Amino acid sequence: MRHLAPTSGLAAICVCASLFPRPSRANDTRSLPDAPASSAAATPRCGPGSTRWGGKAQPAEGAPSPALERHDAAEHPFWDRQNVALFATVGASRALDYSSTLNMRRRGVEEILLTNDTVDNHPAFAAIEAGAAALSIGASYLFHRYHHHRLERWTSVVHASLATSGAIRNYARKPARPSTAP
């Protein structure tokens with residue numbers, strides 16, 4: 001049970017961070033009420049790209065402002081190319097962790113985060129590794145849903161980095177008992 005604390009703590013942090021509402025921005029159309037139409041927009045323009053008084057050209061009605069265009073460019077579909085690559089990296093790092101942990105157990109080294117009985121039960125351990133990858137994708141989806149796109153990407157980057165470093169550590173550990181090979 002004590003081994004469950006680091007995993008549940010990380011999950012709790014991810015869930016709590018996703019519950020905070022997205023900060024509203026000055027040009028965010030979803031949080032601003034509709035403004036009344038100005039009388040300047042109703043006046044005809046004297047020439048292409050200019051206003052009646054020679055000032056800057058006003059955007060056409062219904063055209064988004066440049067700030068909104070930049071904000072919309074930050075929006076992306078959840079299953080875009082970058083997320084798919086990050087999720088594949090998380091899956092590969094979890095598979096590497098799975099194989100390195102089994103290799104470590106075959107050499108007689110004790111597992112630190114899980115019980116040895118859990119790791120030695122291969123289907124259960126594979127389900128735990130798959131569940132960890134699914135939890136990472138779920139946390140990324142929550143960050144995406146609440147418009148925390150940097151955290152959405154970084155969730156996968158940090159998860160893959162930690163799983164890969166754990167796998168490297170597993171492979172680097174010395175065997176607990178001397179090998180019998182000549």
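1. Ser156 touches Leu86, Phe87, Val90, Ser136 and Ser140, leaving aside residues up to four places away in sequence; contact here means heavy atoms within 4.5 Å. Ser156 lies in helix H7 and is buried, with a relative accessible area of 1%. Buried denotes under 20% relative accessible area, exposed over 50%, and partly exposed the range in between (1.4 Å probe, protein chains only).

2. The model is a predicted one, in which local features need pLDDT of at least 70 and side-chain atom pairs count only at pLDDT 80 or more, while totals for chains, interfaces and linings use all residues. Residues are numbered from 1 along each chain as its sequence is written, and side-chain values use heavy atoms, with hydrogens and water left out.

3. The protein contains seven helices and zero strands, so that the elements read α-α-α-α-α-α-α from the N terminus on. Helices (H or I, at least four residues) and strands (E, at least two) are DSSP runs, numbered from the N terminus. Of the 182 residues in the protein, 26% are buried. Among contacts with a separation of 6 or more, 68% are between residues 24 or more positions apart.

4. Helix H7 (residues 149–172) has 24 residues and spans 35 Å from its first C-alpha to its last, close to the 34 Å expected at 1.5 Å a residue. The expected span is 1.5 Å times one less than the number of residues. The buried residues of H7 are His149, Glu152, Arg153, Thr155, Ser156, His159, Ala160, Ala163, Ala167 and Asn170.

5. Helix H6 (residues 122–145) also has 24 residues, and reaches 34 Å from its first C-alpha to its last, close to the 34 Å expected. Its buried residues are Phe125, Glu129, Ala133, Ser136, Ala139, Ser140, Phe143 and His144. Just after H6, His147 adopts a positive phi of about 65°.

6. How do H6 and H7 pack, and at what angle? Their axes are 7 Å apart and the angle is about 165°, which makes H6 roughly antiparallel to H7. Axes are lines fitted to C-alpha atoms, for helices over the stretch in contact, and angles run from 0 to 180 degrees between N-to-C directions. Angles under 35 degrees count as roughly parallel, over 145 as roughly antiparallel, 65 to 115 as roughly perpendicular and the rest as oblique. The crossing of H6 with H7 is right-handed; a crossing is left-handed if the near helix is turned anticlockwise from the far one by less than a right angle, and right-handed if clockwise.

7. In that contact, Ala132, Ala133, Ser136, Ala139, Ser140, Phe143 and His144 of H6 meet His149, Leu151, Glu152, Thr155, Ser156 and His159 of H7. By class, the contact of H6 with H7 has five nonpolar, seven polar and one charged residues. Ala, Val, Leu, Ile, Met, Phe, Trp, Tyr, Cys and Pro count as nonpolar, Asp, Glu, Lys and Arg as charged, and the others, Gly among them, as polar.

8. The axes of H4 and H7 come within 8 Å and cross at roughly 20°; the two helices are therefore roughly parallel to each other. Their crossing is left-handed, and the residues of the contact divide into 10 nonpolar, 13 polar and four charged.

9. Tyr98 belongs to helix H4 (residues 81–106) and is partly exposed, with a relative accessible area of 22%. Residues up to four places away in sequence aside, Tyr98 touches His122, Phe125, Ala126 and Glu129. The C-alpha atoms of Tyr98 and Ala126, 28 residues apart along the chain, are separated by 7.1 Å.
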